[in-house]
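Reader: Please take me through one part of this model closely. I want the side-chain pairings and what surrounds them.

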Amino acid sequence: MEVSDACETAKDMKGLEAAIDADGDPVAAQKKAMAEFDCTELIPNAEDLPSTQEIWAGMLAAPDNAWKKASTVVADLPELDLSGCTERLLVSLGNKFEAAWYYYFPEQPQPEQ
């Protein structure tokens, strides 16, 4: 959310600068500058940022990964099976959270399914 807000602010600033520096129509210069603005120039390694699907996959794998790591330290931990209810619960909650997010913030681009 903060990255999105920062990008929108930078886009607005780019448009304002173009309007101030315009020799002709400041509104047209502002619109053109804002349309051409690309926020990825401001974010280091933006092309390496994970997608929404990659973030969800990492979140779903985190409990299992943590359990495996803990089992290397604690010898008598039982096997953990997240293929049942827990995984379905996490996916269901994640889907509900994501739906609520896009309901309250419809301007955010929705991920491709």
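**Pairings in the model**

Author: In this predicted model, K68 and D64 join their side chains in a salt bridge, at 3.2 Å from N to O. Both residues belong to helix α3. They sit four residues apart, about one turn of the helix. An α-helix has 3.6 residues a turn, so residues three or four places apart point the same way. D64 counts as partly exposed, at 23% relative accessibility.

The structure holds two salt bridges. K32 and E36 also pair through their side chains, 3.5 Å from N to O. Here the helix is α2, and the two residues are again four apart, about one helical turn. K32 is exposed, with a relative accessible area of 52%. E36 is exposed too, at 55%.

Now the covalent link. The count comes to one disulfide. C7 and C39 form it, with their sulfur atoms 1.7 Å apart. The torsion about the S-S bond is about -70 degrees, so this disulfide is left-handed. C7 lies in helix α1, and C39 lies in the loop between α2 and α3, so the pair ties together parts 32 residues apart in sequence. Both C7 and C39 are buried.

Helix α1 gives C7 its setting. This helix covers residues 2-21, which is 20 residues. From first C-alpha to last, α1 reaches 28 Å, close to the 28 Å expected. Besides C7, the buried residues of α1 are A10, G15 and A19. Helix α2 (26-36) is included in what covers the buried residues of α1.

Definitions and conventions
Residues numbered from 1 in each chain as written. Predicted model: local features only at pLDDT ≥ 70, side-chain atom pairs only at ≥ 80, totals over all residues. Heavy atoms only, no water. Expected span 1.5 Å × (residues − 1). Buried < 20%, exposed > 50% of the residue type's maximum accessible area, 1.4 Å probe, protein only. Contact = heavy atoms within 4.5 Å. Disulfide = S-S within 2.5 Å. Salt bridge = Lys/Arg side-chain N within 4 Å of Asp/Glu carboxyl O.
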